[in-house]
Amino acid sequence: MKHLLVRPQFVSHFSCIGGECEDSCCYGWNIHIDKQSYKKTLAHSELKELAKTALKKVKKSDGVWAQAVLGDNGACGFLDANNLCQIHAKAGESLLSDTCKTYPRMAHMRGGDRYESLSLSCPEAARHILFKDDAFRLERLTINHHRSFKATPLWAQKAYDYSIQLLLKPEQPLEHGLTAIGILMKTADKVAAGELDSSALDNMFQQLLTLSDNGQLKQHFDGFNQDTDIHQMHAFTSIQLWLNTNKVRRGRSRFEQINQAICALADDKQNISMASINQAWKESALPALLGHPQLFSRYLCYYLYHMQFPQVDALSPSEAFRVMLLDLFMLRCYLAVIAASKQGLSEHDIIMCFQVYHTNRQHKANYSQYVTEILAQAKFDELAAILTLLSKAN
Ligand code: SF4
């Protein structure tokens with residue numbers, strides 16, 4: 001049966017930079033080795049001796065047959081002194097385990113169609129997604145397979161398509177596009193629950209375009225602009241503390257740079273306030289980001305595509321929207337504190353903030369459920385409240 005394969009240019013142009021990588025994926029996490037790769041590595045004349053100490057059999061499943069043994073510095077035992085993989089060097093890509101062969105490449109299936117992407121936990125992937133020209137140009141190919149997949153509900157397809165259009169509407173500030181998406185998701189909640197027909201999304205989308213054109217979206221957004229520093233601080237510290245528990249070894253020193261930059265904003269009594277983070281955002285981060293006006297719209301474009309928004313985990317459309325805004329808010333805080341500590345932001349710093357946050361986020365089980373609970377505790381469970389996370393963003 002014919003299906004579609006969608007591949008953004010950030011995927012087709014990606015290639016691992018190996019020893020040049022600032023946070024190699026060959027460090028500090030459980031690299032699983034499938035049964036076939038394990039056996040072939042042990043049978044390889046130039047690798048078998050090393051494999052006896054660099055691999056540990058765990059036999060959890062055919063896909064998780066062994067695990068790479070990490071050295072004291074967290075490095076995979078197959079790395080040489082130049083940080084190059086000896087399996088790749090001596091036996092070629094074909095002998096790499098499935099994990100090593102595919103990371104950071106990922107794909108989502110929707111109704112039999114394949115959507116390819118990259119994980120932002122790879123710094124080079126982040127560089128392509130956030131900075132490279134034409135990263136979001138899509139290649140559409142035809143593929144054949146006979147596997148069956150659940151059809152994507154019409155409401156989800158519409159909610160996704162309209163969200164992308166609202167986000168990218170020309171001449172519209174990002175926060176107004178996000179306000180429109182938040183309103184659209186309230187309708188999507190009702191359509192997903194069967195309370196409204198999917199045509200309600202078409203009607204709401206048209207209304208939102210009109211509201212954007214006549215300036216009422218701006219009025220909506222400005223009306224949400226309340227002072228919520230205490231609640232913002234509660235959300236930020238709760239998430240940051242949680243990310244600090246059972247940290248993954250990979251990228252720990254980069255994560256510590258963020259922690260130290262947060263602590264550097266503390267006052268004489270060692271208190272860190274949202275006012276100081278917001279001040280760092282305005283005085284240090286915003287001027288440094290003037291040269292990257294597309295940064296957040298690129299990130300959100302990637303986010304909607306990569307997460308298959310709004311069908312994220314088991315969340316309702318409005319919950320998925322709130323988690324997206326929280327992710328954006330956390331990244332804004334990271335950029336603010338790093339900009340304050342370094343008196344500016346290089347491309348390298350920006351990549352670090354996005355990559356470190358997403359590496360830690362992806363290693364936390366049930367992240368979206370936890371965040372949804374935190375947002376409810378911090379009183380960010382309504383659209384008017386969650387949009388205030390953006391209120392000090394400009
Ligand atoms: S994190 Fe990305 S660029 Fe770095 S070593 Fe892994 S795949 Fe290569």
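Reader: How much area is buried between domain 1 and domain 3?

Author: Keep in mind that this is a predicted model. Carbon and sulfur atoms give 51% of the area buried between these two domains. The total buried between domain 1 and domain 3 is about 360 Å².

Reader: Which residues of domain 1 lose the most area to domain 3?

Author: Eight residues from domain 1 take part in the contact, along with four residues from domain 3. On the domain 1 side, three residues together make up 73% of what is buried there. Those three are Tyr27, Gly28 and Trp29.

Reader: How many salt bridges are there between domain 1 and domain 3?

Author: To count, a side-chain nitrogen of Lys or Arg has to lie within 4 Å of a carboxyl oxygen of Asp or Glu. Between domain 1 and domain 3, the count is zero.

Reader: What distance separates the centres of domain 1 and domain 3?

Author: Domain 1 covers 26-102 and domain 3 covers 229-390, with domain 2 at 154-223. Taken over C-alpha atoms, the centres of domain 1 and domain 3 are separated by 34 Å.

Reader: OK, on to the ligand. How do the residues of the shell around the ligand divide into nonpolar, polar and charged?

Author: The ligand takes up the space of the largest pocket. Around the ligand you'll find Cys16, Ile17, Cys21, Asp23, Ser24, Cys25, Pro104, Cys122, Pro123, Glu124 and Arg250. Sorted by type, that shell comes to seven nonpolar, one polar and three charged.

Terms used. Residues numbered from 1 in each chain as written. Predicted model: local features only at pLDDT ≥ 70, side-chain atom pairs only at ≥ 80, totals over all residues. Heavy atoms only, no water. Near = heavy atom within 4 Å. 1 Å grid on protein atoms, 1.4 Å probe; cavity = no way out; pocket = protein on both sides within 12 Å on 5 of 7 lines; lining within 4 Å. Sits in = over half its atoms within 2 Å of the grid points. Nonpolar A, V, L, I, M, F, W, Y, C, P; charged D, E, K, R; others polar. Domains from an automatic or database assignment. Contact = heavy atoms within 4.5 Å. Buried area = accessible area lost by both parts, 1.4 Å probe.
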